[in-house]
Amino acid sequence: MAKKKTKFICQSCGYESAKWMGRCPGCGEWNQMVEEVAITGTPKRTFMHSEQTTASKPTKLSNVETIQEPRVKTKLKEFNRVLGGGVVPGSLVLIGGDPGIGKSTLLLQVSAQLSANKSRVLYISGEESVKQTKLRAERLAVREEELFIYSETNLQLIHTAIEQLSPSFVIIDSIQTVYHPEVTSAPGSVSQVRECTAELMRIAKMNGIAIFIVGHVTKEGSIAGPRLLEHMVDTVLYFEGERHHTYRILRAVKNRFGSTNEMGIFEMKEEGLEEVENPSEIFLEERSQGSSGSTVVASMEGTRPVLVEIQALVSPTVFGNPRRMATGIDHNRVTLLMAVLEKRVGLLLQNQDAYLKVAGGVKLDEPAIDLAVAVSIASSFRDQPTNPADCFIGEVGLTGEVRRVSRIEQRVNEAVKLGFTRIILPANNLGGWKVPEGVETVGVSTVNEALQFVFGK
């Protein structure tokens, strides 16, 4: 008979210890060690039907036969884009996001669209009753025959329902409410999340069922539970957006079957989520004309070019140390670019507060936005507006040089579609591609050269 003893597990990384510690040796987080009951010996496995009865043997890579399975596409093109072209059978997808952001709404819409293609879908809700799910489905006008609703948190009963129904797609909402009956810790703990995810992964791989898992997020914005959870799944998606805005952004931060850093944009309406096919128009529709500190950059989100507005406000400081605040851009990147402007261009910014924001709630983290950020800071500092028809692309180095960026042709074509007539880009990116008609491309080698061209001095 198995013996019981207690152990302490870090809720951030899953590190186990025989005694409590204030600081986890694994991840360095404080006050994350929680006491759980550990079972020693050989536990009795009652429902691991997915385990193979015969051991597999090593196989030569050249002898492995592959079958190109077609992806299953939904009617949401943005959702298909983020997944890499559609849903892969047998994949395990994790979707995380803030409470009330629309994760359940998105997956219920996706479930209805998949079941409309004569595919059987099982929607398992551990947070809502069947009647509550039905009310949300009526609001979204979901009335598909092949969509099954099941309210359960016991993984043994969930496994039995999957075996009896044999669905092609399964949605688990959410993994923090599901519990493994042989694990003594509470639902949502590190042990429960790890064991339940491992069992769902075996079900997906052995039966070719695509499983979507909803994950809660912590106050820092990361997926709740051990980091191992994100390593186990095939795809990790983050559903984010501002509570007071209707637009939602779906990002892929891990994808074994497609490109990472893809982005899909949706608008939350009363009838559910609707995809936004041209997000650049939305991000620029409220741009004010003739205001200093405003620039437009053509950024790449995965394989898609997106035009966004970067706003800067530079004002004299009243503190001993000037403030540097940024929303949507890395704070360290802003500090670096201001140091370059002060050293290489001669702008006296050491006694100036700087506030930067990416309009529309988008987060930018690629190097090609450097030139636009630098020009917006200089524009606000000099109180000189930029030309509304200008678009800026380029990475800035510590010596003040403007370095080449990738996918320059796609960026320029997106800017031309929205009416921009002049593109300031790295000189090394000129040539080797076809410039669209009606647009002027200006190559610059340094930040100083770019500022002289934009402001004329």
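Colleague: At roughly what angle do the axes of helix α4 (residues 155-165) and helix α5 (residues 190-207) cross?

Modeller: This is a predicted model: local features need pLDDT of at least 70, side-chain atom pairs count only at pLDDT 80 or more, and totals for chains, interfaces and linings use all residues. Residues are numbered from 1 along each chain as its sequence is written, and side-chain values use heavy atoms, with hydrogens and water left out. Helices (H or I, at least four residues) and strands (E, at least two) are DSSP runs, numbered from the N terminus, and axes are lines fitted to C-alpha atoms, for helices over the stretch in contact, with angles from 0 to 180 degrees between N-to-C directions. The axes of α4 and α5 come within 12 Å, and they cross at roughly 10°.

Colleague: How does α4 run relative to α5, parallel or perpendicular?

Modeller: Angles under 35 degrees count as roughly parallel, over 145 as roughly antiparallel, 65 to 115 as roughly perpendicular and the rest as oblique. The crossing is at roughly 10°. Therefore α4 and α5 are roughly parallel.

Colleague: M201 lies in α5. Is M201 buried, partly exposed or exposed?

Modeller: Buried means under 20% relative accessible area, exposed over 50%, and partly exposed in between (1.4 Å probe, protein chains only). M201 touches L92 and M232, not counting residues up to four places away in sequence. Its relative accessible area is 24%, so M201 is partly exposed.

Colleague: How do α2 and α3 lie relative to each other, parallel or perpendicular?

Modeller: Helix α2 (residues 103-116) and helix α3 (residues 130-139) have axes that come within 11 Å. These axes cross at roughly 70°. So α2 and α3 are roughly perpendicular.

Colleague: Which residues of α3 make this contact?

Modeller: By class, the contact of α2 with α3 has 2 nonpolar, 3 polar and 2 charged residues. From α2 come S104, T105 and L108. From α3 come T133, R136, A137 and R139.

Colleague: Which residues of α11 touch α8?

Modeller: The axes of α8 and α11 come within 10 Å and cross at roughly 85°. The pair is therefore roughly perpendicular. On the α8 side stand L341, R344 and V345. On the α11 side stand V447, N448 and L451.

Colleague: F455 is found in α11. Is F455 buried or exposed?

Modeller: Leaving out residues up to four places away in sequence, F455 touches V375, A378, S379, R382, Q384, P385 and T386. Its relative accessible area is 10%. So F455 is buried.

Colleague: Which side chain joins that of S299 in a polar contact?

Modeller: S299 sits in strand β13 (residues 294-301). It is buried, as its relative accessible area is 1%. A polar contact is a pair of N or O atoms within 3.5 Å; within protein, one must be able to donate a hydrogen and the other to accept it, and residues adjacent in sequence count only if both atoms are side-chain atoms. At 3.0 Å, the partner of S299 is E366.

Colleague: What is the phi of K118?

Modeller: K118 lies in the loop between α2 and β5 (121-125). It is exposed, with a relative accessible area of 74%. K118 is not a glycine, yet its phi is positive, at about 65°.

Colleague: Is the peptide bond from D173 to S174 cis or trans?

Modeller: S174 is in the loop between β7 (169-173) and α5. Omega of the bond is near 5°. The bond is cis.

Colleague: What percentage of the protein's residues count as buried?

Modeller: The protein has 11 helices and 21 strands. Its C-alpha trace spans about 80 × 55 × 50 Å along its principal axes. Of its 457 residues, the buried part is 50%.

How values were computed. Contact = heavy atoms within 4.5 Å. Nonpolar A, V, L, I, M, F, W, Y, C, P; charged D, E, K, R; others polar.
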